[in-house]
Amino acid sequence: HVKVDIEQYKEKYHKVKSTDDLFQLLEDDSITLSTMKASKFYLSFKTAIDEWEEKLSLVSEVTEMLLTVQRKWTYLESIFMASEDTLKQLPQEARLFGEVHTTFTACMAEASNHLIAVDICTPETLAAATAMDKKLEHIQN
């Protein structure tokens with residue numbers, strides 16, 4: 001089982017610490033699956049191999065999106081959580097950030113309880129991360 005390296009952040013949140021090992025293992029496993037697909041026995045294992053290719057692709061996509069959200073959230077968290085003035089001056093953006101903040105911190109807290117990449121990286125997590133990214137993009141523009 002490939003684990004996601006998650007650490008505590010500011011003693012109350014969680015965030016992805018490092019993805020180097022995760023992406024190296026994903027690459028290695030993808031190469032292994034490609035080798036299996038070239039085997040004369042591929043048809044016997046086609047369903048399992050195709051399922052694992054989809055899972056690895058999803059883990060990669062979700063991890064990339066969560067890292068994107070994490071970078072933007074970390075930057076904006078220091079702005080919106082530090083000053084009441086910002087909340088008053090940018091009420092719509094503050095509301096959107098509040099929504100993302102709640103979702104992101106809950107998502108990362110849940111991830112810290114599981115750590116197994118295939119368990120964390122689901123289509124639902126991808127949809128949530130994509131929605132968070134859109135809101136963060138709106139705030140930054």
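The legends below describe close-up views of a predicted model.

**View 1. The hairpin of β1 and β2.** Strand β1 (residues 5-9) pairs with strand β2 (residues 13-18) in the antiparallel sense, over 5 bridges. D5 has S18 in β2 as its bridge partner. Between the strands lie 3 residues, and K10 takes a positive phi near 55°.

**View 2. The salt bridge of E77 and K10.** The two side chains meet at 2.7 Å, N to O. E77 lies in helix α2 (residues 42-80) and K10 in the loop between β1 and β2, so the pair ties together parts that are 67 residues apart in sequence. E77 is buried, because its relative accessible area of 3% is under 20%. K10, at 44%, is partly exposed.

View 3. The side chains of E53 and K37 form a salt bridge of 3.0 Å, N to O. E53 is partly exposed at 28% relative accessibility, and K37 is partly exposed at 34%. D50 and K46 meet in a salt bridge of 2.6 Å, N to O.

View 4. D133 counts as buried, at 14% relative accessibility. Leaving aside residues up to four places away in sequence, D133 touches M65, T68, V69 and K72. A polar contact of 2.5 Å joins the side chains of D133 and K72. The C-alpha atoms of D133 and Q70 are separated by 9.2 Å, although these residues are 63 apart along the chain.

Terms used: Residues numbered from 1 in each chain as written. Predicted model: local features only at pLDDT ≥ 70, side-chain atom pairs only at ≥ 80, totals over all residues. Heavy atoms only, no water. Buried < 20%, exposed > 50% of the residue type's maximum accessible area, 1.4 Å probe, protein only. Contact = heavy atoms within 4.5 Å. Polar contact = N/O pair within 3.5 Å; in protein donor to acceptor, adjacent residues only side chain to side chain. Pairing = 2+ DSSP bridges. Helix = DSSP H or I, 4+ residues; strand = E, 2+ residues; numbered from the N terminus. Salt bridge = Lys/Arg side-chain N within 4 Å of Asp/Glu carboxyl O.
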